[in-house]
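Okay, thanks for coming, everyone. I'd like to walk you through one model today, starting with some helix packing. Let me put it up on the screen.

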Amino acid sequence: MTPYPFSAVVGLADLRQALLLGAVHPGIGGVLIRGEKGTAKSTVVRALAALLPEVGRVVGCRFGCDPTVPDPGCPDGPHTAPVAGRRGPAALVELPVGATEDRVVGTIDIQRMLGAGTKAYEPGLLAAAHRGLLYVDEVNLLPDHLVDLLLDAAAMGRAHVERDGLSVSHAARFLLVGTMNPEEGEPRPQLLDRFGLVVSVTAPVEVGDRAEVVRRRLAYETDPAGFAGAWYDADQRLAEQVRAARQALPGVALPDHEIDRIARICLAYRVDGLRADIVMARAAVALAAWRGLSTVTVAEVRDAARLALPHRRRRDPLDPPGADQDRLDEVLEAECGGPGPGDGDGGSGPGPGPGNRPPPGAPPPGALPPDGPSGAGEPGPAEPLGGQPGPGEPSGGQPGPDQPGAGEPTGPPAAAGPAYRIRTLRLPGLGGPGTPGRRSAAHANRGRLVGAAPPSGRVTSVHLPATLRATAARGARRIAPGDLRVARYVGQESNLVLFVVDASGSMAARQRMTVVKTAVLSLLRDAYHRRDRIGMITFRGSGADLVLPPTSSHEVAVARLAQLRTGGRTPLAAGLRLAAATVATERRRDPRRRPLLLLVTDGRATAGPDPLTVVPLLDGVAVVVLDCEAGPVRLGLARRLATAYGAEWLPLAALSQLPAAVEQGRAA
């Protein structure tokens, strides 16, 4: 199908500028696009491929070597002169979310091994993307080790493969572009730092822009070829500008005083390491080449900083990205002065029809809305979660037995204290193959080698010694398909960690709720580091609320926890029943992910049925009861509840003081 023209994109000036800079200078390190659903992220990336210059490839080379300068280490080489070449468009390679490591970096060629009896390498997507564009949609959902592989190859320009008895190195220079929806969770800061430029995009907020987007999209769907033809000249001008900027890049000078300015900006913004300085310098040079300048000026440094720095200052992994935009503005004002003519100009050039510039009064392109990307319907800071009454505001207007009096001042919700390191809570047994993570033991595609077995599906990792033994047992000298054995590994998986928190009036004492919130915050931080999905249920008054459906967005969970208010009776059974329903729903959506239920309660149930009636609904679900009962006289209700559920019982005060290995077990 004819791709959507790049020049026809309405607005999104920062996004277009970042992508064009990456096309001019792939050494910048890739572009990450953050944006809510339906903001044309994928459309713009696919349109960019048509602007990349054509490349020549050695005929018959699976690694896309340049015929004028073949890679001397190419696995298909050596390519001796004269080298036959063929020109063609730059590759656009898309990496799906479910891709495996062998699909990304390549693996052993089973067909050649069986047919010719020799080891051979089958290239992966990194080889296919060489000298082109590698597009990763939902990059935040990829396993971390795959993202590391991509970023390593993008930074070094080579891919190194050591697996299945093979040792291969090949060129892998490409423009890496990733897109993500922040509602699905943020990548860890170490990975964010590896992307050269990061841009946030939002949908247009002006009626004229939104209407123009609809008009152009409908015109494209009605006649894709005709619509693309109307924008062909504009796209060709951009493509020619990309080629000219690439050729001019080596001749652009970066004066010492601008390098000093870059260093001062990075120091004032308090970024970690030196990658920010290097990326800013490369981006500033690319901007100067794009603008036809021979020397980098303060305008290029300022514009490069706005794309290269905002995502690099997260001091806490659960801080929302971009939280320090005001600080960046102050630093740039001090070092670079006011905005210059290059600010916000993607340089894409006007095309037929309006809409290429943001309207007056519109927010800066890519700016996040005030409420953040945590999803529609998120309550504000002053609104009690789930629509339940706050402290002293019982349903029906009368205080309940566990509530403060109706005339008692409510005040803001209790704040959590500093998070602390906790001991790891793991699920029992061996799961999997599950979703890669760092919590519980599971069968996996990588990890500790524990044996070999006949393949049950596509062969991804051959256990060569076991395969040879099977061949020898037949008395044969050539491997047959039935001799193949695949390696079996035990690694670690991530889990669904579902918090069920008592928010009733019995928790209303501010010091007590601070202790509970601090413990939950510490558990959330642990779940973040272990790559878990998380959800949160609170119960109070007459029922329970799913205040955070299962998600990978730990930042949203922290925000919901901060808003948590208390009051009302204690419907413990309602909270457990909703937890059972949530687990059942998630098992249908993702049957590979095992659940871990963390129940934060003192064991009291002052409303609704007996919580023991819910025991059958949670059969087979691992439960930890975190006992928050305090005071000199303790009833021990939470411990009895843990015994009934066959759960681990853990006093909240001891969460950070356990022995080194805390395994999920049975209560005594």
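So, look at helix 11, residues 256-269, and helix 12, residues 275-290: their axes come within 9 Å and cross at roughly 135°. By axes I mean lines fitted to C-alpha atoms, for helices over the stretch in contact, with angles running from 0 to 180 degrees between N-to-C directions. Helices here are DSSP runs of H or I with at least four residues, strands are E runs of at least two, and both are numbered from the N terminus. Helix 11 and helix 12 are therefore oblique to each other; under 35 degrees counts as roughly parallel, over 145 as roughly antiparallel, 65 to 115 as roughly perpendicular, and the rest as oblique.

Who makes the contact, meaning heavy atoms within 4.5 Å? From helix 11 you have Ile262, Ala263, Ile265 and Cys266, and from helix 12 there are Ala276, Asp277, Met280 and Ala281. By class that contact has seven nonpolar residues, no polar ones and one charged. Nonpolar is Ala, Val, Leu, Ile, Met, Phe, Trp, Tyr, Cys and Pro; charged is Asp, Glu, Lys and Arg; the others, Gly among them, are polar.

A word on ground rules: this is a predicted model, so local features need pLDDT of at least 70 and side-chain atom pairs 80 or more, while totals for chains, interfaces and linings use all residues. Numbering starts from 1 along each chain as its sequence is written, and side-chain values use heavy atoms, leaving out hydrogens and water.

Back to helix 12, which also packs with helix 1, residues 13-24, at an angle of about 95° with the axes 9 Å apart. That makes helix 1 roughly perpendicular to helix 12. Gln17, Leu20, Leu21 and Val24 of helix 1 meet Ala283, Ala286, Leu287 and Trp290 of helix 12. Here the tally is seven nonpolar, one polar and no charged residues.

Now hop over to Gly417, in the loop between helix 14 (325-336) and strand 12 (425-426). Is Gly417 buried or exposed? Buried, with a relative accessible area of 19%; buried means under 20%, exposed over 50%, and partly exposed in between, using a 1.4 Å probe and protein chains only. Gly417 and Lys517 are 100 residues apart in sequence, yet 7.5 Å apart in space, C-alpha to C-alpha. Leaving aside neighbours within four places in sequence, Gly417 touches Thr514, Thr518 and Leu521.

Zooming out, the chain has 19 helices and 22 strands, and 51% of its 668 residues count as buried.

Methods:
Contact = heavy atoms within 4.5 Å.
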